[in-house]
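Subject: Structure for you to look at

Dear colleague,

Here is the structure I said I would pass on. My notes on what turned up in it follow below.

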Amino acid sequence: MDTIASLFSFITTPVSWVIVQFHKVYGALFGDDTGWAWGLSIVSLVILIRICLIPLFVKQIKATRAMQTLQPEMKKIQERYKNDKQRQSEEMMKLYKETGTNPLSSCLPILAQSPFFFALYHVLNGIATGKTIGVINDPLLASARKAHIFGAPLAAKFTDGADKVAQLGATLTDVRVVTAVMIVMMSASQFYTQRQLMTKNVDTTVKTPFMQQQKMLMYVFPVMFAVFGINFPVGVLVYWLTTNVWTMGQQMFVIRNNPTPGSKAQAAYLERLYKHVTHHGQTRRRSEKTIVKAIVAKGRDRNEFERKFINGLSKAGLVAQADGTVVKGEAQAAVAQTEDGTPTSAAAPKRQQPKRQSKSQRQSGAAKAAGEGTPTSLSKSEEPEDAKPAADKPAQKSGGGTRSKAQSGQRKGPQRPKSPSKK
């Protein structure tokens, strides 16, 4: 354990220093030896770390959405090279390189806060064993050992025996009840966070293996927290519960204000945006203009919810512009956006296509035109030989009566051309 602690000494000292600084503030309010002072110090440490990790969280969101977009292409590669794993890996890496996507980006927040987690674990383990660590000296060590959260010492674990718990000034029942409740809350918050991501912020129009993996993780992660949680000190459980609650709230904010295209969250967001825009007659916030600009730029690639939003604006007498703004009326909208995003003049009349006639209508029109002496639409090759002018035909020696009889009994409509006579 000392060897492992020495490996994390580069981060253990800063973590212990931050906890001590927060403890000075909360100790002045609640008392130096209280669980509130030490517990809130750990909570404040989590908040400080997560604020510093916000840029990585934004990068994680972008990476996750990029991976969702690439899932259809990845599935094609897997099916095409299902018998050649090496070629499949090469094509996957080529796809990642062309699109600038990194699959590990979605794990950055977890990887970045892991050193802080292990550092806090060793700090609390040092408190439990009575060893100073980092900037926590003997007076601070004695104060931390006296601190209890709802009757459970900061350094106590669910698996600790009665003797060890008694040395920390608590009972085994109090420790196990508090740790069990915190483990359940920690697992439940993790499950809800993952479920919220799966049910609200996933494109429902695309079924990919990525969705199945996320669904599996929704059940695996809470079980992992429950199994490993019984070996965590109470202080570490406070840390992990706080970071889960932060993640849940942060994700709720992102899903509400910047949802994944094609998801249920986007449908709810566009419905709220439609009500807001139609009420004020314009997009007022920068984020609203960004969303409208992206929808207009898609043109015919808009999904169902985006088309419904654009059509709703049109019915309300509003037109979405390419810069994300919304204008009222045809007079103010000099240029309107068509379904495919092509600008078209609002005052230009639409070109009317001629109505297509049925076969019977075309035949009756041709007969009427023939009766009035107007040339029909029959091509030269399709005209009956007998209908041609007499001047264009060579004189016939005989058979005039037969020709007149054929003309009088001729059917309406185009006739098959006669084959040339053999000499």
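In this predicted model, the largest nonpolar core has 47 residues. Trp-38, Ile-42, Leu-45, Leu-120, Ile-127, Ile-136 and Tyr-239 have the most contacts inside that core. At least two of its residues come from each of helices H2 (9–30), H3 (35–52), H6 (108–129), H7 (138–146), H9 (172–200) and H11 (234–257). H6 supplies the largest share, eight residues. As for Ile-42, leaving aside residues up to four places away in sequence, its contacts are Leu-120, Leu-124, Leu-154, Gly-235, Val-238 and Tyr-239.

There is also a second, separate core, made of 14 residues, with Tyr-269, Leu-273, Ile-295 and Leu-318 among them.

On the surface, a nonpolar patch is formed by Met-216, Val-220, Val-223, Met-224, Val-227 and Phe-228, with about 540 Å² of accessible area together. Val-220 belongs to helix H10, which covers residues 209–229. Its relative accessibility is 32%, so Val-220 counts as partly exposed.

The unreviewed UniProt entry annotates residues 36–58 and 217–241 as "transmembrane region". In the model, residues 36–58 are 96% helix and 0% strand, with 32 Å between the end C-alpha atoms. For residues 217–241 the figures are 84% helix and 0% strand, and the end C-alpha atoms lie 18 Å apart.

The count of salt bridges comes to four.

- Glu-91 and Arg-87 form a salt bridge at 3.0 Å, N to O. The two are four residues apart in helix H5 (residues 85–99), so about one helical turn separates them. Glu-91 counts as buried because its relative accessibility is 18%, under the 20% limit. Arg-87, at 34%, counts as partly exposed.
- Asp-160 is buried, with a relative accessible area of 7%, whereas Lys-164 is partly exposed at 33%.
- Glu-288 and Arg-285 are joined by a salt bridge of 3.0 Å, N to O. Glu-288 has a relative accessibility of 1% and is therefore buried; Arg-285 is partly exposed, with a relative accessible area of 49%.

Regards

How values were computed
Residues are numbered from 1 along each chain as its sequence is written. This is a predicted model: local features need pLDDT of at least 70, side-chain atom pairs count only at pLDDT 80 or more; totals for chains, interfaces and linings use all residues. Side-chain values use heavy atoms; hydrogens and water are left out. Patches are made of residues with over 30% relative accessible area and no salt bridge: like charges are joined within 9 Å, nonpolar side chains (Val, Leu, Ile, Met, Phe, Trp, Tyr) within 5 Å. Accessible areas come from the Shrake-Rupley method with a 1.4 Å probe; for residues, only the protein chains shown count as cover. A salt bridge is a side-chain nitrogen of Lys or Arg within 4 Å of a carboxyl oxygen of Asp or Glu. Buried means under 20% relative accessible area, exposed over 50%, partly exposed in between (1.4 Å probe, protein chains only). A nonpolar core is a set of buried Ala, Val, Leu, Ile, Met, Phe, Trp, Tyr and Cys residues joined through side-chain atoms within 4.5 Å. Contact means heavy atoms within 4.5 Å. UniProt positions are given in the numbering used here, feature names are shortened, and annotations may be inferred rather than shown by experiment.
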